[in-house]
Amino acid sequence: MRILLVEDDQRIVDFVQRGLKAEGYTVEVARSGLEAITLGAEGKFQAIILDLGLPDLNGRLVCEHLRNSGVGTPILMLTARDTVQDKVTGLRSGADDYMTKPFAFEELLARIEVLMRRGGAEIKPEIKEFRIADLILNGETHEVRRGEAIIDLTPKEFALLECFMRMPGKVLSRTRILEQVWGYSADPLTNVVDVYIRQLRRKIDDDYDLKLLKTVRGFGYKMDDS
Ligand code: CA
């Protein structure tokens with residue numbers, strides 16, 4: 001089960017992330033409203049925990065934006081203030097539930113579980129196998145094949161490939177790839193992404209006529225079978 005945590009306060013991120021991971025959830029963190037909108041729109045989360053106070057956009061705007069673009073993922077909104085007005089506007093913007101900071105982790109967990117049950121109709125089982133043309137990545141066995149050939153990848157190469165295969169056709173910027181595969185602590189000026197892209201290409205594309213991993217000049221990279 002994947003949960004998107006939208007919060008810029010590192011202490012809360014640590015606290016919630018640790019707790020949810022211990023419960024077996026996969027947690028992705030967005031630290032700004034724009035990032036939340038991009039990630040939330042991918043529709044791969046079973047719940048979104050959304051802080052009201054974000055550095056760029058207000059959480060309410062994020063919520064409205066997601067709902068307007070058809071994202072039905074259950075949203076639990078967090079706020080530092082506890083006024084009826086906050087609560088009402090939060091719910092009106094499309095949030096499903098509302099919690100005031102500070103909160104006990106147990107309560108957060110209970111509320112998230114209720115929301116996910118309620119949103120049950122929309123929950124799709126997590127996809128374990130991704131395929132683009134004859135390239136197959138199995139997220140459970142960690143096996144990668146192109147046609148009949150088994151391809152050996154390092155864990156980072158595997159994570160990089162998974163990143164593309166989860167979103168076929170979508171252009172991913174170097175920054176986005178860096179964040180997803182190397183985490184936020186990565187130096188944005190490093191050329192590690194290009195180095196790994198080259199390595200990955202050598203393994204999955206070089207021996208084949210149909211090239212899957214493409215450079216989109218000025219934007220980043222994408223993977224498709226066109
Ligand atoms: Ca905040």
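Predicted model: local features only at pLDDT ≥ 70, side-chain atom pairs only at ≥ 80, totals over all residues.

Residues are numbered from 1 along each chain as its sequence is written, and side-chain values use heavy atoms, with hydrogens and water left out.

Let us begin with the calcium ion. Its protein donors are E7 (OE), D8 (OD), D51 (OD) and G53 (O), at 2.1 to 2.9 Å from the ion. Donors here are N, O and S atoms within 2.8 Å of a metal (3.2 Å for Na, K and Ca), and since water is not among the atoms, a site may look incomplete. Along the sequence, the donor residues follow the spacing E-D-x42-D-x1-G.

Buried means under 20% relative accessible area, exposed over 50%, and partly exposed in between (1.4 Å probe, protein chains only).

| Residue | Relative accessible area | Class |
|---|---|---|
| D51 | 3% | buried |
| G53 | 43% | partly exposed |
| C63 | 0% | buried |
| C163 | 5% | buried |

As for disulfides (pairs of cysteine sulfur atoms within 2.5 Å), the structure has zero.

Now to the domains, whose bounds come from an automatic or database domain assignment: domain 1 spans 2–118 and domain 2 spans 129–223. Their centres, taken over C-alpha atoms, are 29 Å apart. How many residues of each domain are in contact? Nine residues of domain 1 meet seven of domain 2, with contact meaning heavy atoms within 4.5 Å.

Across this interface the rule finds one salt bridge, that is, a side-chain nitrogen of Lys or Arg within 4 Å of a carboxyl oxygen of Asp or Glu.
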